[in-house]
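This briefing is meant to be read with the sequence and the model side by side. Please keep both in view while going through the points below.

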Amino acid sequence: MAQRKELMELLGKSKDELREMLVAMGEPAYRGGQIYHALYAERKLDFASMTNLPLSLREKLAKETTISLPVVKQRFASTDGSVRYLFELGTGEKTFNTPTGSGQAPSTEVTEKRKPLRAASVEAVFMPSDGRQTICVSTQAGCAVDCQFCMTAQLGLIRNLTAGEILAQVLLPLEEHKEKLAPRTNIVLMGQGEPLLNYDAVMAALRILLDNNGMAVAPRHATLSTSGIVPGIERLAGETLRPKLAISLNASCDEQRDVLMPINRKYPLNVLLKACKKFPRGAREYVTFEYVLLGGVNDSPEDARRVAKMMTELGRVKVNLIPWNPGALPFAEPDQGRVAAFHKILLDRGVPVFTRYSRGRDVMAACGQLALTQIESASASAPVAG
């Protein structure tokens, strides 16, 4: 029996990679640039629609390559206009970088490994508003960081996403809503997973997202949120083209953060804040600190004063206060009075602060809620012991 020829994946490839691939197929290199433009600038996600290519090449591509798109398993439409997408990812073998250790330097990574991909589901959220749309993107299926207040942590890490799987979470919603798109698109890497523990795939996707000849998202409109993987922050600081940095802080001291975010035991606050202080910023750029307020846990006036002290020592920063969104976890929403008092303490000490109420709460699309329906579905289908 003849062995089936493996198709070459196009989605997630850079312009140079596509040019090299086309040369290897016996085609002119410039055809790779045309495919790049069709895929990312025009969102042509099938070969038939790539009319900038000759028919003979489109037929050849259909036989030798593939554009792997996730299946939209479910859409959850919120009353506020947000849409939560549940994507089912394919399986098979693909080429991607495999880190040998969390957040380590490139020299310690084994690249271009072919590994089978596990079936997985991830979520993304499309949020329209006046003049812009924001898309919250996942970078891993599940997450290994184990933040105690986040539903995604309950899944554990299933696997890293490829660059193509990250990009598809932007391409598909943009194409689906193309008749109503606002002029500006914001991308936030704040869905499932820790972006800096999937560094190479995340940066490969970002280079395409931020390329004026690719998806043309302005760097100031892209934000990467991390739980505090210090080697990854330091590595990101050295990138020529990079998104804005956001730190998921959520605690006012090491003792508190060790419990809420176990990653703090590896990268404690003094180490994390030192890396943030060194992180390069443009003239109008801030490092953002996200602080999820958990009722009766980290929302006291003493917490606010400690956070204010941290911020005043870091240069240009701002704080987003996020009242906790309910889920199947042993925490409570903060009292509105305590939220207002926390906000005022930071403001009175000169810290730029904003209180953000998450969108999509009614369809479990809000901060910290992603993966809740997956967990509930798994629990409902699990056999009862006895």
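S225 counts as buried, because its relative accessibility is 12% and buried means under 20% relative accessible area, with exposed over 50% and partly exposed in between (1.4 Å probe, protein chains only). The model is a predicted one, in which local features need pLDDT of at least 70 and side-chain atom pairs count only at pLDDT 80 or more, while totals for chains, interfaces and linings use all residues. Residues are numbered from 1 along each chain as its sequence is written, and side-chain values use heavy atoms, with hydrogens and water left out.

- S225 lies in strand β12, residues 222–226, where helices (H or I, at least four residues) and strands (E, at least two) are DSSP runs numbered from the N terminus.
- The side chain of S225 makes a polar contact of 2.8 Å with the side chain of E290; a polar contact is a pair of N or O atoms within 3.5 Å, and within protein one must be able to donate a hydrogen and the other to accept it, with residues adjacent in sequence counting only if both atoms are side-chain atoms.
- Leaving aside residues up to four places away in sequence, S225 touches L189, M190, E194, P195, A246, S248 and E290, where contact means heavy atoms within 4.5 Å.
- R159, which belongs to strand β10 (residues 157–160), is also a buried residue, with a relative accessible area of 8%.
- The side chains of R159 and E165 are joined by a polar contact of 2.9 Å, and the residues that R159 touches, not counting those up to four places away in sequence, include L89, G90, L117, R118, A120, Q140 and A141.

**Helix α1 and its cover**

- Within helix α1 (residues 15–24), the residues L18, M21 and L22 are buried; seen down the axis of α1, its buried residues fall within an arc of 95°, so they line one face of the helix, the arc being that of the directions from the helix axis to the C-beta atoms.
- D16, E20 and A24 are exposed on the other side of α1.
- The cover over the buried residues of α1 includes β1 (8–9), α2 (30–41), α3 (55–64) and β2 (65–66).
- G32 is found in helix α2 and counts as buried at 0% relative accessibility.
- G32 touches L18, R19 and L22, not counting residues up to four places away in sequence, and the C-alpha atoms of G32 and L18, which are 14 residues apart along the chain, are separated by 4.6 Å.
- Just after α1, G26 takes a positive phi of about 85°.

**The ten-stranded sheet**

- Ten strands form an open sheet with mixed pairing, in the order β3-β4-β7-β8-β11-β12-β13-β14-β15-β16, and two strands are said to pair if DSSP finds at least two bridges between them.
- At the edges stand β3 (71–77) and β16 (353–355), each with a single partner strand, so one side of each is left without a neighbour in the sheet.
- From one strand to the next, the twist averages 20°, with axes taken as lines fitted to C-alpha atoms, for helices over the stretch in contact, and angles running from 0 to 180 degrees between N-to-C directions.

**Strand β8 and its partners**

- Strand β8 is mostly covered, with four of its five residues buried.
- On pairing with β7 (residues 120–129), β8 runs in the antiparallel sense over five bridges, and I135 in β8 is the bridge partner of F126.
- The hairpin of β7 and β8 has two residues between the strands, and in this hairpin G131 takes a positive phi near 80°.
- With β11 (residues 184–189), β8 (residues 132–136) pairs in the parallel sense over five bridges; R132 stands opposite R184 in β11, and T134 stands opposite N186 in β11.

**The chain as a whole**

- The protein chain holds eleven helices and 16 strands, and buried residues make up 52% of its 386 residues.
- Among the contacts in the protein chain with a separation of 6 or more, 68% are accounted for by residues 24 or more positions apart.
- The accessible surface of the protein chain comes to about 17700 Å², of which 52% belongs to carbon and sulfur atoms; accessible areas come from the Shrake-Rupley method with a 1.4 Å probe, and for residues only the protein chains shown count as cover.
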